[in-house]
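Please consult the sequence and the model below alongside the text.

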Amino acid sequence: MKAELQFIGRIESPYQSLEECPRNVEPGGPASRLVLDPPFADGLLGLEAGQEVLVLYWFDGVDRALLRQNSRRTGRYAGTFALRSPHRPNPIGAAVVRIERIEGAAVTVRGLDCLDGTPLVDIKPAMPGEGHGTPGA
C-alpha cells in the first residue's frame, strides 16, 4: 500500500521551541494562524468565526521510533498510543479549536500546541464530542 500526504499550508504560532509549547491544546491560549497555500484557499468556503474545527498538523523533527515514553504532563511511563506526545511513528497532531476569524487564506484560532512553521495537514468541522475537555496524557 502506498500513501501520499500533501501539506495544505503552515501554522504560525508564538512557539519557537518544544520547551515553550504547552503540553496539550489550551482553549484560552495564544492566537495562532492556519495559513493555507494559495491552491487550497477556496477550501475555506463555508467555515465561519465561532465554529469549532479539527486541525491536523505534522510534527517535524520528532523521534518516530519511540513506542514507550514518559508523559510530559504526568511523568507516567506509557505506550506512545496512550499519550498525546509528538514523538510517534506517524507524527500527526490533532486539536479541536474555535475559529476566531478568517481573513483571506488565513484562519485565526487559539490554543494550538505546535511550533511556528508547523506543516498543516487538514482542517475539518468538529463533530459533537470532539471538543474541549477530552482527557489526554
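The model is predicted: local features require pLDDT of at least 70, side-chain atom pairs count only at pLDDT 80 or more, and totals for chains, interfaces and linings use all residues. Residues are numbered from 1 along each chain as its sequence is written, and side-chain values use heavy atoms, with hydrogens and water left out.

**Barrel**

- Six strands close into a barrel in the order 1-2-7-6-3-8, with antiparallel pairing.
- On average, neighbouring strands of this sheet are turned by 45 degrees against each other, direction ignored.
- Strands are DSSP runs (E, at least two residues), numbered from the N terminus, and two of them pair if DSSP finds at least two bridges between them.
- Axes are lines fitted to C-alpha atoms, and angles run from 0 to 180 degrees between N-to-C directions.

**Strand 3 and its partners**

- Strand 3 (residues 52-58) is joined by seven bridges to strand 6 (residues 92-103), and the two run antiparallel.
- Within this pairing, V53 has V97 as its bridge partner, while Y57 stands opposite G93.
- Five bridges connect strand 3 with strand 8 (residues 118-125), again in antiparallel fashion.
- The bridge partner of L56 in strand 8 is D122.
- Six of the seven residues of strand 3 are buried, where buried means under 20% relative accessible area, exposed over 50%, and partly exposed in between (1.4 Å probe, protein chains only).

**Salt bridges**

- Side chains of opposite charge can pair when their charged atoms come close.
- Five salt bridges are found in a search of the whole structure; the criterion is a side-chain nitrogen of Lys or Arg within 4 Å of a carboxyl oxygen of Asp or Glu.
- One of them links E52 and R98 at 3.3 Å, N to O.
- Because E52 lies in strand 3 and R98 in strand 6, this pair ties together parts that are 46 residues apart in sequence.
- E52 is partly exposed at 22% relative accessible area, and R98 is partly exposed at 44%.
- The side chains of E103 and R101 form a salt bridge at 3.6 Å, N to O; E103 is partly exposed at 44%, and R101 is partly exposed at 39%.
- D122, the bridge partner of L56, also forms a salt bridge with K124 at 3.7 Å, N to O.
- In this pair, D122 is partly exposed at 27% and K124 is partly exposed at 38%.

Technical notes. Helix = DSSP H or I, 4+ residues; strand = E, 2+ residues; numbered from the N terminus.
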